[in-house]
Protein chains: 2
Amino acid sequence: MNILIIEDDRTISGLMGRTLTGAGYECGFAYDGEEAEELFDSHPWDLVLLDLMLPKVSGYDLLEYIAPSKTPVIIVSAMGQVNDRIRGLKMGADDYICKPFQVAELLARIEAVIRRTAPAEDVFEYRGVVVNNSSRTVTKDGEEVALTVKEFDLLNMLINNRNVALSRRQLYEYVWKEEYFGETRTLDNHIKRIRQKLGYEDVIKTVFGIGYRMEVA
Amino acid sequence: MNILIIEDDRTISGLMGRTLTGAGYECGFAYDGEEAEELFDSHPWDLVLLDLMLPKVSGYDLLEYIAPSKTPVIIVSAMGQVNDRIRGLKMGADDYICKPFQVAELLARIEAVIRRTAPAEDVFEYRGVVVNNSSRTVTKDGEEVALTVKEFDLLNMLINNRNVALSRRQLYEYVWKEEYFGETRTLDNHIKRIRQKLGYEDVIKTVFGIGYRMEVA
DNA sequence: AGCCTCATGAACATTCTTATCATCGAAGAC
DNA sequence: GTCTTCGATGATAAGAATGTTCATGAGGCT
């Protein structure tokens with residue numbers, strides 16, 4: 001696994017590097033936006049850690065530059081205003097971590113992102129339901145089921161995190177790319193429709209007080 | 001292990017420093033809020049000891065600043081500032097200690113916090129009961145047992161402090177994030193339900209006059 | 001314009017959770 | 001042994017979280 005660390009502060013960059021190397025990843029380092037673009041192009045990366053405050057080329061521009069390649073990105077930023085988090089997610093980042101961070105937290109997030117962006121099987125099958133990612137189609141017992149965009153994304157989030165309890169916030173912010181305040185029943189409605197359409201009433205479990213979990217044997 | 005001591009009273013700060021150094025920790029010192037922010041950013045810390053009454057930047061602001069990084073925090077507050085303690089816990093602190101404190105107690109709390117904030121095992125297993133943290137599920141002899149949020153959190157607190165007697169106050173304030181007055185039987189009831197659901201009648205021991213202890217071989 | 005589909009959130013229904021009370025039983029103090 | 005304090009238990013009602021229905025409006029398409 002190759003991870004590109006884009007971070008101008010060498011102390012932090014070094015800390016990240018040591019941590020990740022110790023955990024068995026290989027790392028590349030860029031210390032400003034220009035370097036980052038070059039290094040990004042010169043080599044295939046499995047994941048990018050991106051500091052938003054960079055010299056020369058802004059982190060956001062870089063994110064735009066990286067996004068088309070579908071390489072997963074974790075934003076690393078000083079003190080997280082919510083806006084950065086949301087804006088980052090909107091622009092295609094996969095997760096967000098605040099400096100200063102605990103190394104354990106960094107590793108956990110990296111693993112989580114890799115798990116859920118990774119070779120997301122193109123085809124997921126369970127209980128007669130087939131979800132095909134590249135064609136974005138879903139069938140149940142051979143018959144096509146029409147899912148809307150939001151429903152499809154939400155379903156995918158659940159599938160990629162099967163057997164993990166996801167909070168309402170995580171689900172909402174990941175799918176809607178907006179901050180979650182929790183005062184509407186929108187998420188519930190979408191969950192309901194997915195359950196109905198796929199006959200997944202007992203596959204997508206409610207985790208009371210937390211969120212939802214897709215339970216797959 | 002690096003511990004950041006944020007405390008404006010140099011006498012106390014010094015005492016803490018000597019104690020912790022003697023116990024094999026490395027310490028950093030900040031004497032007001034501004035200094036604290038800088039020092040916190042400049043170096044990764046494993047734990048922060050935070051006095052809430054600080055010059056320049058309030059302890060609460062600091063706590064807000066620190067919280068996103070998930071670095072464990074122990075609040076150090078003057079005797080009787082109950083509200084501080086609770087508000088601190090609500091804001092994400094992990095424990096608190098009142099001045100004046102016993103050196104031994106300080107060390108004990110630090111060890112306890114480090115132990116329980118350490119990458120808690122995702123899965124705990126004992127006597128046929130399996131507690132899975134990421135999916136937030138519990139099974140007994142293979143069958144799923146439904147625990148409520150409070151029950152689950154309480155169980156986790158006990159597990160993370162296995163074989164240690166925890167006071168009712170600690171348990172209650174940690175799980176409920178409210179002050180414990182001790183005039184209700186709420187905690188008892190939750191303990192009762194956990195014991196019942198998991199068949200842990202003799203695993204979760206009552207420590208008469210103190211609280212409870214989870215006894216695991 | 002007229003006809004769709006879809007996301008949304010208000011209002012209401014339902015289910016689940018939790019605090020508290022009253023009562024009983026156990027442990028410790030004397 | 002008696003008294004006192006503390007813990008256990010079961011029932012219940014208030015409250016919180018989630019589920020469902022439905023009306024609305026935005027936006028796309030013909």
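Helix 6 of chain A is the top contributor to the lining of the second largest pocket, giving five residues (helices are DSSP runs of H or I, at least four residues, numbered from the N terminus). That pocket comes out at about 950 Å³, the volume being the space filled by probe spheres set on grid points joined across faces, edges and corners. A pocket here is an open set of points on a 1 Å grid over the protein atoms alone where a 1.4 Å probe fits, with protein on both sides within 12 Å along at least five of seven lines; lining residues have an atom within 4 Å of a point. There are 30 lining residues, with K70(A), D94(A), R116(A), T117(A) and Y174(A) nearest the centre. By class, the lining splits into 16 nonpolar, six polar and eight charged residues (Asp, Glu, Lys and Arg are charged; Ala, Val, Leu, Ile, Met, Phe, Trp, Tyr, Cys and Pro nonpolar; the others, Gly among them, polar).

All this comes from a predicted model, with local features needing pLDDT of at least 70 and side-chain atom pairs pLDDT 80 or more, while totals for chains, interfaces and linings use all residues. Residues are numbered from 1 along each chain, chains are lettered from A and ligands numbered from 1 as written, and side-chain values use heavy atoms, without hydrogens and water.

Technical notes
Helices (H or I, at least four residues) and strands (E, at least two) are DSSP runs, numbered from the N terminus.
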